[in-house]
Amino acid sequence: MTPASPTPISPGEIPAFALTQRINVPYEYSVHFTQHVFDPRNPLFADTVTGDDGPSPRRILLYLDSGVCAASPALRTGIEDYIHAYADRLELVAPPRVLAGGEQVKNGWRRVQDVMADIGDHKLCRQSYVVAVGGGAVLDMVGFAASLVHRGIRLIRMPTTVLAQNDAGIGVKTGMNEHRQKNFVGTFAPPYAVINDFEFLDLLPQREWVAGISEAFKVALIRDAAFFDFLCKNARKLRRRDAAAMHHLVKHCAQLHLDHIREGGDPFESGSARPLDFGHWSAHKLELMSDYTVGHGQAVAIGIALDTLVAARRHLLQPADVERILLGLQQSGLPTWHYLLDQKDNGGLPAILAGLEEFREHLGGRLSITLPNGIGHRIEVDEMDIEMIAECIDELRSRGTSPDDQAALDLVDFNGPLS
Ligand SMILES: NC(=O)c1ccc[n+]([C@@H]2O[C@H](COP(=O)([O-])OP(=O)(O)OC[C@H]3O[C@@H](n4cnc5c(N)ncnc54)[C@H](O)[C@@H]3O)[C@@H](O)[C@H]2O)c1
Ligand SMILES: [Zn+2]
């Protein structure tokens, strides 16, 4: 049977009608810097939670990163005492929950579902608060869960790592790892407020202390030459845990990061440019390839090193700039090499290149990679030469890290399993 042929219709007869909807939604949130946030003499947290004329006391469900709890065993009771001191304004609906910190907390849906169920069981409403205290991974996962329930419960982030205070905890994104990809699932969900307490940084193991320095190099290289000078000049001081230098780094990096989200014209990333992802196409892949034994900050340092060499070969950076960048990263205690960069795929190409392809897919088919264009400036490029990247990997390997530094930087593992 032949299908009935449609009645011929000329273009002028096709019905066409569209309504246009435009909604402007201003987002505003404060990123506070303080110390001793849970000392009852510090009213910042209570004032932040009760800053509007909602019901009192405000209902709060609080999640704590296990790494912070382990480093500060008195924290949980300290938080309960704080809330008790402000009992007329604040109510903890349950004792603080402890979540195993680190990347694993973002892997898969299970913990996201647990947090959503917890929020539901305690009947939090859109005037209540979820508070997340921890590293970027805990903030991403809890933030993601909170953004889904009731289409978004208020979230207060209290970042506890350098990287979370200057980058991961202050922006507008949440996420979790699925489908064998980092941050495959997530939402754009600006927080209600962010409170950075510098005291948390003193608790960090050395690896996490230096990790966030890489995000400062990232944003300095594409936005702020003077800040890059500061980082290079103070690299050793930063690594030796100089508090004043680190506090300046965190505040200035946070400022640049927020400026970019606000002024970049694309806070929810609908276009293809991703300046804040400079150095990240390879970093995200390296994290995954290492089964997350390489942390985000260390992976970003390696990603910056790789794209720095690419930029130099494309005549975007001078040889002297390259030396300063690599030395600055290394003197800060960050790696510029990992043996997994040498891993090959079935076709004999560096396996890390799959990160480029995934980044392209994520952007919608057209590649846009940010590279420095002179220190403090940036350019978007829409193609990356695979052979050039392979040459840059060779160069990074041959530059290596001196054996003395390896021990000092706790980087032995980055050069390959010990034979
Ligand atoms: N949403 C975003 O815009 C964004 C941006 C950048 C990075 N990120 C994400 O952030 C994550 C990395 O965050 P991170 O670098 O904070 O690492 P992390 O969250 O993995 O934490 C690292 C380790 O430090 C521990 N820890 C946290 N605070 C501590 C403290 N004060 N004292 C002792 N131990 C502490 C944790 O338990 C964990 O073991 C990655 O998942 C990355 O994808 C998100
Ligand atoms: Zn990052």
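**Exercise 1. Helices H13 and H14**

Task: In this predicted model, determine how H13 and helix H14 (residues 319–331) are oriented to each other, and which residues make the contact.

Solution. 
Step 1. Take the geometry: the axes of H13 and H14 cross at roughly 175 degrees and come within 10 Å.
Step 2. Apply the cut-off: angles over 145 degrees count as roughly antiparallel. H13 and H14 are therefore roughly antiparallel to each other.
Step 3. List the residues. H13 contributes Ala301, Ile304, Ala305, Thr308, Leu309 and Ala312, and H14 contributes Pro319, Val322, Ile325, Leu326 and Leu329.
Step 4. Sort them by class: the contact of H13 with H14 has 10 nonpolar residues, 1 polar and no charged.

**Exercise 2. Helices H13 and H16**

Task: Describe the packing of H13 on helix H16 (residues 386–399) by angle, handedness and residue class.

Solution. 
Step 1. The axes of H13 and H16 are 9 Å apart, and the packing angle is about 120 degrees.
Step 2. This angle makes H13 oblique to H16.
Step 3. The crossing of H13 past H16 is right-handed.
Step 4. On the H13 side the contact uses Ala305, Leu306, Leu309, Val310 and Arg313; on the H16 side it uses Met388, Ile389, Cys392, Ile393, Glu395 and Leu396.
Step 5. By class, the contact of H13 with H16 holds 9 nonpolar, no polar and 2 charged residues.

**Exercise 3. Helices H8 and H11**

Task: Carry out the analysis for helix H8 (residues 213–223) and helix H11 (residues 243–263).

Solution. 
Step 1. The packing angle of H8 and H11 is about 50 degrees, and their axes lie 10 Å apart.
Step 2. This angle makes H8 oblique to H11.
Step 3. The crossing of H8 past H11 is left-handed.
Step 4. From H8, the residues Ile213, Glu215, Ala216, Val219 and Arg223 meet Leu249, Cys253, Leu256, His257 and His260 of H11.
Step 5. The residues of this contact comprise 6 nonpolar, 2 polar and 2 charged.

**Exercise 4. The shell around ligand 1**

Task: Which residues come nearest to ligand 1, and which elements and domains supply the shell?

Solution. 
Step 1. The shell has 33 residues, of which Gly67, Gly101, Gly135, Gly136 and Thr161 come nearest.
Step 2. Two or more residues are given by each of helix H2 (66–71), helix H5 (136–148), H6, helix H7 (206–211) and helix H13 (296–313).
Step 3. Domain 1 and domain 2 each supply at least three residues of the shell.
Step 4. By class, the shell around ligand 1 has 11 nonpolar, 15 polar and 7 charged residues.

**Exercise 5. Two backbone details**

Task: Locate the cis peptide bond from Ser56 to Pro57 and the positive phi of His36.

Solution. 
Step 1. The bond from Ser56 to Pro57 is cis, with omega near -5 degrees.
Step 2. Pro57 sits in the loop between helix H1 (44–49) and strand E2 (58–65).
Step 3. His36 is not a glycine, yet its phi is positive, about 55 degrees.
Step 4. His36 lies in the loop between E1 and H1.

Key. Residues numbered from 1 in each chain as written. Chains lettered and ligands numbered in written order. Predicted model: local features only at pLDDT ≥ 70, side-chain atom pairs only at ≥ 80, totals over all residues. Axes fitted to C-alpha atoms, helices over the stretch in contact; angles between N-to-C directions. Helix = DSSP H or I, 4+ residues; strand = E, 2+ residues; numbered from the N terminus. Parallel < 35°, antiparallel > 145°, perpendicular 65-115°, else oblique. Left-handed = near helix turned anticlockwise from the far one by under 90°. Contact = placed C-beta atoms within 7 Å. Nonpolar A, V, L, I, M, F, W, Y, C, P; charged D, E, K, R; others polar. Near = placed C-beta within 6 Å. Domains from an automatic or database assignment.
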